[in-house]
Amino acid sequence: MTEQISGRTPRRTPERFAPPTRFAVPGRIGVNERTASVWRTATLTGIRPETPRATTFRFAVPGWPGHVPGQHLLLRLTAEDGYVAQRHYSIASAPDDSGHIELTLDRVEDGEVSGWFHTVARPGDRIEMRGPLSGFFAWPGDRPALLLGAGSGVVPLMSMVRHHRARDMRLPLRLLVSARGPEDLIYAREYGAETTAVFTRSAPEGVAVGRMTAAHVAPFLAKQPPSGWEAYVCGSNSFAEHASRLLVAAGQPVERIRIERFG
Amino acid sequence: MSTRRNGITDHVNITRGFTGRPRVHDPGLPPGQYDAGDDWPVLSAEVTPDLAPADWSFRIDGLVAEPRTWDWEQAHALPASSYQGAIHCVTSWSKFGVRFGGVSLDAFLHGVRPHGSATHVVAYAHTGYTANLPLADVTGGRAWIVWEYDGRPLPAEHGGPARLIVPHLYFWKSVKWIAGLRLLDHDEPGFWEGNGYHERGNPWEEQRYSGD
Ligand SMILES: Cc1cc2nc3c(=O)[nH]c(=O)nc-3n(C[C@H](O)[C@H](O)[C@H](O)COP(=O)(O)OP(=O)(O)OC[C@H]3O[C@@H](n4cnc5c(N)ncnc54)[C@H](O)[C@@H]3O)c2cc1C
């Protein structure tokens with residue numbers, strides 16, 4: 001720059017461009033780009049079935065930089081001929097100092113990576129991971145949280161529930177979780193008063209069967225904390241579309257709805 | 001930095017018992033990608049907006065001689081142009097033989113006359129989503145504003161009524177519900193770029209995350 005800077009104008013970096021729109025959803029936390037680009041070798045230390053289709057895998061990860069609930073990682077498996085398969089997985093465990101993290105994987109029909117985990121993996125196996133990634137879906141525990149998940153979409157939300165519990169937070173947190181039936185409800189034994197389960201195909205006696213509806217969501221918006229909710233929606237794309245529409249219809253501001261779609 | 005090419009890597013951490021699915025070498029597939037076939041996953045981070053064509057507009061401003069806004073009809077009056085080929089998502093799927101119809105971004109840029117000092121653009125959506133791109137990546141017949149997919153109106157969850165496509169880069173650069181471009185003389189990270197993703201996102205170099 002050759003322009004003379006006038007005495008009264010302090011030198012400053014150019015202001016970042018923000019679009020003139022009303023939806024802008026800000027990121028939640030900064031991501032450490034250095035740690036996010038390092039591949040670490042993790043060792044599988046435990047396998048715990050959650051439902052007939054979902055299993056939790058516990059890993060020791062040397063040098064794990066720590067995560068914020070809601071973040072995910074990138075994991076890769078390598079075949080003998082050098083072929084690599086990589087997939088994203090949400091972190092299920094709450095941040096702690098154990099040097100371990102947990103993932104919960106659905107068994108996908110013909111799934112290359114989830115298939116290996118469900119049929120071949122055993123403690124002692126080493127796999128590679130990099131992360132944590134994405135500051136967008138993260139919940140540092142600073143605002144009341146309304147969580148809507150379906151199927152394995154409950155995984156990143158469970159990290160938030162566990163964090164909330166481990167830190168004994170007073171801040172309101174509610175989880176609305178959808179599963180096909182009680183036997184498919186991941187983490188069923190861990191839920192407390194903060195959780196409402198919705199069953200789409202079969203339900204225990206006296207509980208309605210059907211999709212999540214406005215009637216499930218409206219009460220949370222009718223009785224919300226003074227500063228409102230930060231809403232987090234996670235699951236398949238069709239669930240994410242459905243649940244986010246319910247939230248908007250119930251009056252949740254769009255710029256306070258964060259969506260993670262598992263594709 | 002990854003030294004992997006065509007799915008083959010030189011690192012030595014072989015996963016016990018992992019073979020992967022049977023594979024044929026496909027020169028059309030960038031490293032680390034798989035062919036999603038007929039699937040077209042949706043991966044936006046915000047609520048799909050309810051945006052009618054009549055409420056859609058597209059603006060180009062910043063370092064240009066004549067900033068301008070086009071409405072739906074004005075944009076459609078520009079010469080039609082289409083893209084047929086592959087698209088590549090950073091989450092590892094690629095999709096082949098897709099057909100998008102719309103207008104080349106060159107036609108829009110021609111109307112605003114960019115200054116010689118413009119080097120980058122921030123593309124932004126009606127939702128507030130942003131992505132940064134070098135100006136050179138969106139000129140020369142490499143980027144389009146599209147409203148048709150496979151001969152029909154572009155579905156809302158895929159960015160309809162209109163989105164940007166920059167098919168030679170990872171698809172998060174192809175801003176859905178496109179609202180405008182601002183031309184700048186410097187690079188400014190967009191939504192994912194500020195969340196750890198790569199500045200440029202070239203699938204053939206496997207530029208997924210910052211530092212790749
Ligand atoms: C941010 C994020 C977080 C996620 N978190 C979780 C999580 O916590 N838990 C979880 O279970 N999942 C999660 N997922 C989904 C996960 O990344 C994988 O998509 C999922 O485990 C399936 O991978 P896979 O290798 O088992 O299946 P894939 O092999 O990828 O198969 C998936 C489907 O595509 C078909 N397919 C794919 N490739 C081919 C091919 N070459 N030929 C033929 N068919 C093919 C398969 O038949 C199958 O129906 C997450 C995804 C994202 C984006």
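## Domains of chain A

In chain A, 20 residues of domain 1 are in contact with 17 residues of domain 2, where contact means heavy atoms within 4.5 Å. The bounds are 33-133 for domain 1 and 145-262 for domain 2, and such bounds come from an automatic or database domain assignment. Taken over C-alpha atoms, the centres of the two domains of chain A are separated by 24 Å.

The size of an interface is often given as the accessible area lost when the parts come together. Between domain 1 and domain 2 of chain A, about 1,400 Å² is buried, 51% of it on carbon and sulfur atoms; buried area is the accessible area (1.4 Å probe) that two parts lose on being put together, summed over both.

## Basis of the model

This is a predicted model, in which local features need pLDDT of at least 70 and side-chain atom pairs count only at pLDDT 80 or more, while totals for chains, interfaces and linings use all residues. Residues are numbered from 1 along each chain as its sequence is written, chains are lettered from A and ligands numbered from 1 in the order in which they are written, and side-chain values use heavy atoms, with hydrogens and water left out.

## Ligand site

Around the ligand there are 22 residues, of which R87(A), H88(A), Y89(A), V113(A) and S114(A) come nearest; a residue counts as near if one of its heavy atoms lies within 4 Å of the molecule. Oxygen atoms of the ligand lie 2.6 Å from an N or O atom in the side chain of Y89(A) and 2.6 Å from one in the side chain of S114(A). From chain B, R21(B) places a polar side-chain atom 2.9 Å from an oxygen atom of the ligand. The protein covers 76% of the 950 Å² of accessible area that the ligand has on its own, areas being computed by the Shrake-Rupley method with a 1.4 Å probe.

The elements of chain A that give two or more residues to the shell are β4 (84-90), β5 (100-106), α2 (112-119) and β11 (257-261). Helices (H or I, at least four residues) and strands (E, at least two) are DSSP runs, numbered from the N terminus. The largest share, four residues, comes from β4(A). Domain 1 and domain 2 of chain A each supply at least three residues to the shell.

## Backbone geometry

Most residues other than glycine have a negative phi, and most peptide bonds are trans. G131(A) and P132(A) are joined by a cis peptide bond with omega of about 5°, and P132(A) is found in strand β6 (residues 126-133) of chain A. In chain B, the bond from G160(B) to P161(B) is cis, with omega near 15°; P161(B) is placed in the loop between β9 (152-153) and β10 (163-165).

Y187(A), a residue other than glycine, has a positive phi near 65°. This tyrosine is found in the loop between β8 (173-179) and β9 (195-199) of chain A.

Methods: Polar contact = N/O pair within 3.5 Å; in protein donor to acceptor, adjacent residues only side chain to side chain.
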